[in-house]
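Please keep the sequence and the model at hand while reading.

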Amino acid sequence: MNVAGGNAGTVRIGFKPHLRPQVVAEDGVYLVSERGVTTVPGTAMARLAPLLDGTRDMPALLREAAPELDCLQVGELVGQLTRSGLLDHRAPQHAPCDDRAAEAYWEIVGGERVRRAAGRPMRLRLTEVADVDPARTEAVRTACRDAGITVVDDPADDSGDTALDLVVCEDYLDPRLAGVDAAHRATGRPWLLAKPYGSTVWIGPVFRPGESACWHCLAHRLRGRRAAQSSVPGHAGDTALLAPRAALPVTVALGAGLAALECAKWLAGNRHDAQDYVVTFDTLGPATRRHRLAHRPQCSECGNPRLAAERAGQPVRLESRPKASRGGGGHRALPPRAVLERYGDLVSPVTGVLKEIRRDERGPDLLNVYRAGYNQALGPRRMAERRTSLRQESAGKGRTALEARVGALCEGVERISGTWQGDEARVRGSLRSLGDRAMSPLDVQLWHERQYRERDTWNTPGHPFHLVPERFDEDAVLDWTPVWSLTRGRHLLLPSALLYYNAPDPVGRRMTRADSNGCAAGSTVEDAALQGLLELVERDAVALWWYNRTRQPAVDMDAFGDPWTARVEEAHAALGREVWVLDLTSDLGVPVMTALSRRTDEPAGAGEDIVFGFGAHPDPAVALCRALSEMNQLLPAVLDAGPDGTGYTCSDPVALEWWRTARRGTLPYLAPDRAVRPRTPGDYGYRPTADLLDDIDALRHRLEERGMEVLLLDQTQPDLRLPVVRVIVPGLRHFWPRFAPGRLYDVPVELGRLAAPTPYDDLNPVPLFV
């Protein structure tokens, strides 16, 4: 039997349903779709296109295209269009449906296979983990029906055509979702989670047991994002603090429709990357964002919960790492852009460990200061305490905006990686019972006996950087964590609370406390280890200068020939400020500098709002750049200060007193020593190296020659991937007030800066507050 355009049972050929051909004679064909325009040039194509309406089989095309086109031309053109994915070849049983718009949509979604699957009956099970009213429930069911999906009410229905469950909730941290997750992991059924309610709708991800992250992976990230709620009195930070409902019928319908659509795509066989994301739609914007959810290899439910502890038991083996970047921020194994591209997914207000990285808008653009949210190293703090520290936020600085963004990313991840998770390696015991397996924390903390005796006086102001702990008890049973000694080639134990922020305190006495000294993140373990070592060397040199108040030589900035340095001076001058740099290099031989900036327009007797920054690096040019960048980072806190002593954006009483009263003319140690020639690049004897490991080994040997030991703790979180290392060198000084006997008193004399050690009572009474 013959039918229009061909024989019964033969394949009909036509353009895909989402394409509309526009023929331009003597030019070709323009195929128009919502996703763009595809051009197919040639007069032959213009002649054939009107025949490709899906009503003709190949013999009919050959017949009707003649004599303008011969059989060979028609065959070649049809083959070309088919290979390009522009033609449909439909068997009679796949005749077009009445809803051509739906066909076009599904073609765009996933081509012919998905289009055909979407035409078949689709079913899913619906689970509501929310206290919702019937109107909201019906909105979800209506949306599913509109998407061509039948909702199955029988929770025991495991038939093959209900290959997905839709779970709707009002909060992704609802504890009841743990049971939903467990049930689906037991059966292996995929499920899509959605929050179709609220001013921002959340859709996804599709959890695929054994293939993707689980709900606990997501919940871990969400709890971290809600850490700020832990400061709400009486509220536990690991549970959701729900805001009042905010929704309209139209927003509920929108959220339900988006959830149903994603279910329909999955049931039709469409698979795409966004199914591993939480997709948010902000109805106030409106704006859509995708938030990638990564599987946590150390997840307690779908991973190996002992992974972190197992890694901690392995030696830290440092390898050769050629330097790929030698910018002003330091020598690195990867350039900044590559780091941002590799780890940028860690920044997200939903699934990231950092909510955002934002520029500090205060001050000129040259400052390049970026912030990455609350500094986890400070631990949970109440609202009134959030502005009491210059380090209240993780931040990054640099010569360029890119360097500063990457710095903020790395510092934020570093602080989070150093926060106690509960899966860390630990050994329970006392210092005395553990014997030579353990190291006394006294060798690391370096508190003076008088500081213990005068503990109440030190702690009364409550400054987080100056709190003196209880005297260490060698018989107290604590948790200890292994660290790797590069010097001895074996593990040693130190108290976990000294190594991790917010680690539990079994005896409740807080005899040790973790801070960020020596912690760093980098593109490799070697990168991070080098930065951590340099920070320890830097802060040790700063302590020797600051607490002994020694006069130090100037650094001749002009001698470095860096135009950026000159621009920094010009930017500060435009703000009515003067910049100078001192050389603080100690007996370790690594260039260390401090850059200082003061107001020059303050009335006589008033403070000069002096800010400072520090930098250390084997390359003196990098040390200078780092010091100036850190000085720029701290400058915004004083930019809005007025003559009456108000306007500061930090309420730290020590910092405020300093800014309001300190003057270079009355504090000689802040001014360059004019009796000594200013330092130039040639004074440092720098010899470039090609490998980060060379720099690490050189630093390690200098420290070991002076009787010190280098310890490493790899704090890299498996799911975050960004290497983080805590470096510990017992004996090196923190620049916060730690006044035990040792280098603080001896090295200034060895270097000829002082004739005799500074008595305890004569140390600088102003403790460093940065």
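In this predicted model, R664 lies over the face of W580, at 4.5 Å from the ring centre. The table sets out both.

| Charged residue | Ring | Distance to ring centre |
|---|---|---|
| R664 | W580 | 4.5 Å |

Y172 belongs to the loop between β11 (165-169) and α6 (176-187), whereas W202 is part of strand β13 (residues 200-207), so the pair ties together parts that are 30 residues apart in sequence. Both Y172 and W202 are buried.

The pair of F465 and W736 has another geometry: because planes under 30 degrees apart count as stacked, and these two rings have planes at 10 degrees with centres 4.2 Å apart, the pair is stacked. F465 is found in the loop between α15 (455-459) and β22 (478-485), and W736 in the loop between β29 (724-728) and α22 (743-750), so this pair ties together parts that are 271 residues apart in sequence. F465 and W736 are each buried.

F465 and W736 also belong to one aromatic cluster, whose members include W545, W546, F612, F614 and Y648.

How values were computed
Residues are numbered from 1 along each chain as its sequence is written. This is a predicted model: local features need pLDDT of at least 70, side-chain atom pairs count only at pLDDT 80 or more; totals for chains, interfaces and linings use all residues. Side-chain values use heavy atoms; hydrogens and water are left out. Helices (H or I, at least four residues) and strands (E, at least two) are DSSP runs, numbered from the N terminus. Buried means under 20% relative accessible area, exposed over 50%, partly exposed in between (1.4 Å probe, protein chains only). Rings of Phe, Tyr and Trp (its six-membered ring) pair if their centres lie within 6.5 Å; planes under 30 degrees apart count as stacked, over 60 as edge-to-face and the rest as tilted. A charge sits over a ring if NZ of Lys or CZ of Arg is within 6 Å of the ring centre and within 35 degrees of the ring normal.
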